[in-house]
Amino acid sequence: AKYDDDAEADLDGDGIPDEVAETGQALWMSSDLTEYLFTCYACGSADAAGRSDIGAIGFNQWGAFVSEYELLDSKSRYLKRADLDRIFLSIDALAARKEREERLRTGAKESAASERVKALNRVEFMTALVQLAAVS
C-alpha cells in the first residue's frame, strides 16, 4: 500500500479503499502464520509477577520479535528501535485507555487479575503488524 500511487481508489465501488481490502486479504491469507508467531512469542512472555500469559505478548517479547525477524533498520526513517517500540507502546496505551473508559462507563472496578501490564493481545498484535507494514 505504501508504494501504491492510486491514492484511495475504490475501483469496485464498495465504499472501501482498495488498499484496505487488500490489507485485509493479506492478513487473512497469512492468518495461520501470524497466529503461530503470536503464540510462540506469547509463550515467552510473563507478567510482572513472573506468571506466563499466552494471551499477550510483553514488551520484551516484542523486542525479541522485531530483532529476530530483522525488522530493525537503523538507516530507515521509520524502522529504528525507537520507532518499533513506539508502535508497541502506542497500541498498548490506546487499549489501556479504552479499557479505563469502559470501566468508568460501566462502573466496574479493576481487579488485580485484569490489571493491564505493557502487553499486546492478539488483535493488538495484528494492529502492530499492519502498522509495521505501513511504514516498511
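Reply:

Arg105 and Glu102 join their side chains in a salt bridge, with 2.6 Å from N to O. A salt bridge here means a side-chain nitrogen of Lys or Arg within 4 Å of a carboxyl oxygen of Asp or Glu. The model is predicted, so local features need pLDDT of at least 70 and side-chain atom pairs count only at pLDDT 80 or more, while totals for chains, interfaces and linings use all residues. Residues are numbered from 1 along each chain as its sequence is written, and side-chain values use heavy atoms, with hydrogens and water left out.

Where do Arg105 and Glu102 sit? Both are in helix H4, three residues apart, so about one helical turn separates them. Helices are DSSP runs of H or I with at least four residues, strands are runs of E with at least two, and numbering starts at the N terminus.

How open are these two side chains? Arg105 has 62% relative accessibility and counts as exposed. Glu102 has 38% and counts as partly exposed. The cut-offs are these: buried is under 20% relative accessible area, exposed is over 50%, and partly exposed lies in between (1.4 Å probe, protein chains only).

Helix H4 holds another pair. Glu101 and Arg97 form a salt bridge at 3.4 Å, N to O. They lie four residues apart in H4 (residues 81-106), about one turn of the helix. Glu101 is partly exposed at 44%. Arg97 is partly exposed too, at 42%.

How many salt bridges does the rule give? The count is four. One of them links Glu35 and Arg122, whose closest N and O atoms are 2.5 Å apart. Glu35 belongs to helix H2 (residues 31-43) and Arg122 to helix H5 (residues 122-135), so this pair ties together parts 87 residues apart in sequence. Glu35 is partly exposed at 40%, and Arg122 is partly exposed at 34%.

Back to H4, and its packing partner. Helix H3 (residues 59-68) packs against H4 at about 135°, and their axes are 11 Å apart. This makes H3 oblique to H4. The axes are lines fitted to C-alpha atoms, for helices over the stretch in contact, and angles between N-to-C directions run from 0 to 180 degrees. Under 35 degrees is roughly parallel, over 145 roughly antiparallel, 65 to 115 roughly perpendicular, and the rest oblique.

Which residues meet? From H3 come Phe59, Trp62, Gly63, Val66 and Ser67, and from H4 come Arg81, Leu84, Asp85, Ile87, Phe88 and Leu89. Contact means heavy atoms within 4.5 Å. By class, the H3 and H4 contact has seven nonpolar, two polar and two charged residues. Ala, Val, Leu, Ile, Met, Phe, Trp, Tyr, Cys and Pro count as nonpolar, Asp, Glu, Lys and Arg as charged, and the others, including Gly, as polar.

Last, the link between these helices. Glu70 lies in the loop between H3 and H4. Glu70 is exposed, at 70% relative accessibility. Most residues other than glycine have a negative phi.
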